[in-house]
Amino acid sequence: SELFKRANKVIAVSKHMVQQLQNLGCEASKLQLLIYGIDNSIFFKWPQIEKKYTFVSCGRFVEKKHPLGIIQSFLLVLKVIPGAKLLMIGDGELLIQVKEFVNQNQISASVKFTGAIHQTEIAKYFNESEIFIQHSITTSQNDREGTPLAIIESAACELPCVSTYHTGISDFVIHQSTGLLENEGDISKMPDCMIELALNKL
């Protein structure tokens, strides 16, 4: 396209995006992989912090982050681990739908919502949690993540992750090493991964 011809450099935030841009006609020599960094003075593992939450998620409540998929998976986890706790950080258009699901299934005692909060609070909650959950999907409008920042931030706090094979996520979450990955939208297998990590730490 004209954009690729005029540009001196084209920045991509994941290996998946590099491949996508090449498929669209961008010259490989113009592509620069540049994954954004995080503030390591905020996101790091705190020593001797009490773990209050089994699982934590963090992100906007929008379709591509599939928050309903997270809560549907957690409902199945509770059948095996009744004492599990889920903390959901963030705000967005699907928050009401997720809260309604929690109320309808009578699991409000096991789920906490924080709304949008400051980075220092997010880091504290990460350190009070055991496992990070991210269920990214390709939306009905073909919208995708780049590399979710919260995955990088939670990794800096040394949280193992359960997520999906989606764009740049597998660049950071190494399956069966730093976390477990499942296919997008697989609500039947995602809970198995969550249970496996909760009961048998990596």
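Reader: Hi! Leaving aside neighbours within four places in sequence, what is Thr-139 in contact with?
Author: Thr-139 is in contact with Glu-63 and Lys-64, where contact means heavy atoms within 4.5 Å. Bear in mind that this is a predicted model, in which local features need pLDDT of at least 70 and side-chain atom pairs count only at pLDDT 80 or more, while totals for chains, interfaces and linings use all residues. Residues are numbered from 1 along each chain as its sequence is written, and side-chain values use heavy atoms, with hydrogens and water left out.

Reader: Where does Thr-139 sit?
Author: Thr-139 is in the loop between β6 (129-133) and α6 (149-156). Helices (H or I, at least four residues) and strands (E, at least two) are DSSP runs, numbered from the N terminus.

Reader: And is Thr-139 buried or exposed?
Author: Thr-139 is buried, at 9% relative accessible area. Buried means under 20%, exposed over 50%, and partly exposed in between (1.4 Å probe, protein chains only).

Reader: Switching to strands, then. Which residues cover the two faces of β4?
Author: In β4 (residues 86-89), Leu-86 and Met-88 are on one side, with Leu-87 and Ile-89 on the other, and all of them are buried.

Reader: What does Met-88 touch, not counting residues up to four places away in sequence?
Author: Met-88 touches Ser-57, Phe-61, Pro-67, Ile-70, Ile-71, Val-98, Lys-112, Phe-113 and Thr-114. The relative accessible area of Met-88 is 1%, so this residue is buried.

Reader: Nice. How many bridges pair β3 with β4?
Author: There are 4 bridges, and the two strands are parallel; strands pair if DSSP finds at least two bridges between them. Phe-55 has Leu-86 of β4 as its bridge partner, and Cys-58 stands opposite Ile-89 in β4.

Reader: Which residue of β6 stands opposite Phe-55?
Author: Ile-131 does. β3 and β6 run parallel and are joined by 3 bridges. As for cover on β3, 6 of its 6 residues are buried.

Reader: What packs around the buried residues of α5?
Author: They pack against β3, β4, β5 (111-115), β6 and α6. The buried residues of α5 (119-127) are Ile-122, Ala-123, Tyr-125, Phe-126 and Asn-127.

Reader: On to cysteines. How many disulfides turn up in the whole structure?
Author: The search finds 0, a disulfide being a pair of cysteine sulfur atoms within 2.5 Å.

Reader: Last one: which residues make the nonpolar surface patch of about 360 Å²?
Author: Leu-33, Ile-35, Tyr-36, Leu-149 and Phe-172. Patches are made of residues with over 30% relative accessible area and no salt bridge, joining like charges within 9 Å and nonpolar side chains (Val, Leu, Ile, Met, Phe, Trp, Tyr) within 5 Å. A salt bridge is a side-chain nitrogen of Lys or Arg within 4 Å of a carboxyl oxygen of Asp or Glu. Accessible areas come from the Shrake-Rupley method with a 1.4 Å probe, and for residues only the protein chains shown count as cover.
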